[in-house]
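Visitor: I'm new to this one and would like to learn how to read it. Could you walk me through a few features?

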Amino acid sequence: MWETLGTVRDLGRLQEIAVVLVRYGFGDVVQRIGLAGALERAGRLLHRQHANEKPRMSPPERLRHAFQDLGPTFVKLGQVLATRVDLLPPEWIRELSELQNAVPALPFETIRPQLVADLGAEPEDIFARIDTRPLAAASLAQTHRAWLEDGTPVVLKVRRPGIREVVEADLRLLARLADIIEAQAPDLRRYRPADVVAQFATSLRGELDFAAECRHAERIAANFAGHDGIEIPIVYWHWTSERLNVQGFMDGVAGRDLAGVDALGLDRHALARTGAAIVLKMVLEDGLFHADPHPGNIFYLENGGIGLIDFGMVGHVSERRRMQVAQLLYGLVDQDTEAVTDILLDWTEGTSGVDESRLQVEVGALIDQYRGLPLKELRIASMLADVAGLLRRHALTLPPDLALMIKAFLTLEGLGRQLDPDFDMATEARPFLRRAMLERWSPRILARRGRRTVSGALDLLGDLPRDLRRVMQAARHGRLRGQIEITSLKAFGDQLNAAANRLTIGVITAALIIGSSIVMNAVGGVPNRWLMAIGVLGFVGAAVTGIWIVLSIWRSGRRR
């Protein structure tokens with residue numbers, strides 16, 4: 001019932017999504033997943049006269065423009081899809097990576113009430129000066145520069161008022177659309193829309209929490225304590241909250257401004273090496289990395305260091321996964337076909353229908369392309385892109401954390417080659433890979449692994465007598481049961497349950513109609529407002545349950 005009412009509530013936005021998709025030539029997708037029929041049955045006309053207004057655009061370009069027209073949630077969805085190199089071909093990744101968050105800024109007076117509520121006072125009472133003109137404006141927030149009483153420059157990142165409600169409404173619709181796609185479009189099921197939407201929802205809700213972003217920044221800063229070459233803004237926690245982020249101002253050359261790098265006389269090759277060392281340490285040693293290192297989040301500092309901002313999207317890599325990543329890259333660099341194949345199979349475990357022998361042959365052919373090349377001519381980004389293409393051909397998907405990591409590597413090497421065309425990522429990665437491989441057999445790691453193994457074995461042995469006793473007692477008293485689940489029978493049982501539920505509600509609906517009619521005439525024609533109200537409520541309840549039954553039957557028919 002609540003799902004049905006929620007769908008009715010979001011019908012306007014659903015129609016807007018369908019219209020934009022049709023406008024950019026995705027009308028066949030709208031039809032195949034049943035959106036057009038659903039909207040027409042709900043009394044909403046889907047105008048198709050503007051279908052495919054941009055016929056000269058490629059499909060990736062049309063999708064990017066559609067996401068831009070649909071607003072901040074879909075812009076962020078496109079950015080998450082741009083990290084899924086295992087799902088989408090390179091041309092789609094390149095186009096979706098161009099999605100920008102830049103939107104017109106809100107007037108300062110519009111955000112002032114929320115800012116006052118978060119600060120607990122007027123901004124002018126806290127800061128010596130505040131610039132009401134925004135430094136930048138994005139889909140979720142906009143930033144303003146301010147100065148503390150001692151003259152220290154800071155940046156106020158203010159969440160757009162009301163944006164959470166908009167995002168939550170879109171996430172509800174995306175979750176429903178993902179379910180519809182998986183049910184109605186089997187050829188699109190391999191893209192795992194439900195998993196992608198779930199990953200996206202987690203990521204986007206995390207980005208809406210600016211306090212969480214600051215915690216990520218401080219954790220990464222702590223990991224680099226004592227390391228030169230990186231700067232992360234300090235957090236002013238006294239004024240930071242879920243909707244407001246107050247951090248130190250990053251004074252440097254923006255990542256896109258290569259002319260500014262040359263004007264400061266900075267060494268491009270040294271900057272490329274510093275950036276590579278930062279990301280490799282985050283991924284292979286710390287397990288917590290900046291998952292969106294595009295040029296807008298990077299600053300080149302006058303002292304030759306690199307500044308990082310915006311930690312809303314971070315990636316987490318477990319110790320076991322870090323070892324696997326090191327083994328994969330080391331296997332690619334050292335042409336170890338068997339190691340690379342084993343890791344890919346382990347990452348995609350649970351995917352049915354994998355032809356392991358064919359996969360190993362193709363991995364060997366891929367690695368053979370790079371055999372004999374000098375180390376400086378190896379391109380890790382190209383190798384990882386080839387691995388992602390191999391996974392796509394075999395309909396295999398990576399876990400989300402690994403997809404983020406591979407995208408970070410691709411972005412890193414691209415930035416490095418912009419700074420220095422001769423940048424050699426393989427050479428920079430090799431010492432980190434060697435250390436990661438050696439750490440796997442370090443006394444500290446072996447001791448910790450041994451403690452876990454011994455502790456688990458002792459727990460198992462300690463619980464074994466009690467578990468055996470419970471099994472024997474259950475068998476002695478006739479309580480030992482075995483469960484076999486047959487999918488087809490389960491589906492048939494679910495259909496019977498659904499039919500029984502609809503029949504029950506139908507009986508209740510009929511009873512409400514009859515009972516309301518009796519109540520409204522129970523006083524022999526003498527008006528009674530209370531009885532009239534009860535009767536009207538009964539008719540309203542009957543109408544709502546009737547609508548629910550109709551929609552439920554329609555959805556079941558569509559699924560079949």
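Visitor: Let's start with strand pairing. How many bridges join β7 to strand β9, and which way do the two run?

Guide: The general idea is that strands of a sheet pair through backbone hydrogen bonds, either parallel or antiparallel. In this model, which is a predicted one, β7 and β9 (residues 298-300) run antiparallel and are joined by two bridges. Look for Ala-254: you'll find Phe-299 of β9 standing opposite.

Visitor: And what order do the strands of that sheet have?

Guide: Read across, the order is β5-β10-β9-β7, an open sheet of four strands with mixed pairing. At the edges sit β5 (230-231) and β7 (253-254), each pairing on one side only. Now look for helix α14 (residues 268-286), which packs on the sheet and touches β5, β9 and β10 (306-308). The direction of α14 makes about 40° with that of β10.

Visitor: Okay, helices next. How do I describe α16 and α17 relative to each other?

Guide: Two packed helices are described by the angle between their axes and the distance between the axes. Here, the axes of α16 (residues 337-347) and α17 (residues 356-368) cross at roughly 130° and come within 9 Å. Angles over 145 degrees would count as roughly antiparallel and 65 to 115 as roughly perpendicular, so α16 and α17 are oblique to each other. Their crossing is right-handed.

Visitor: Which residues meet there?

Guide: From α16, the list includes Val-340, Leu-344 and Leu-345. On the α17 side, Leu-359, Val-363 and Ile-367 are among them.

Visitor: What does Thr-73 touch?

Guide: Leaving out residues up to four places away in sequence, Thr-73 touches Val-166, Val-167, Asp-170, Leu-171, Leu-174, Phe-200 and Leu-204. With Asp-170 there's also a polar contact, side chain to side chain, at 3.1 Å.

Visitor: One last stop. What is the phi of Asp-310, and where does this residue lie?

Guide: Asp-310 has a positive phi of about 60°, although this residue is not a glycine. Look for Asp-310 in the loop between β10 and β11 (314-316). With 25% relative accessibility, Asp-310 falls between the cut-offs of 20% and 50%, so Asp-310 counts as partly exposed.

Conventions: Residues are numbered from 1 along each chain as its sequence is written. This is a predicted model: local features need pLDDT of at least 70, side-chain atom pairs count only at pLDDT 80 or more; totals for chains, interfaces and linings use all residues. Side-chain values use heavy atoms; hydrogens and water are left out. Two strands pair if DSSP finds at least two bridges between them. Contact means heavy atoms within 4.5 Å. Axes are lines fitted to C-alpha atoms, for helices over the stretch in contact, and angles run from 0 to 180 degrees between N-to-C directions. A polar contact is a pair of N or O atoms within 3.5 Å; within protein, one must be able to donate a hydrogen and the other to accept it, and residues adjacent in sequence count only if both atoms are side-chain atoms. Angles under 35 degrees count as roughly parallel, over 145 as roughly antiparallel, 65 to 115 as roughly perpendicular and the rest as oblique. A crossing is left-handed if the near helix is turned anticlockwise from the far one by less than a right angle, and right-handed if clockwise. Buried means under 20% relative accessible area, exposed over 50%, partly exposed in between (1.4 Å probe, protein chains only).
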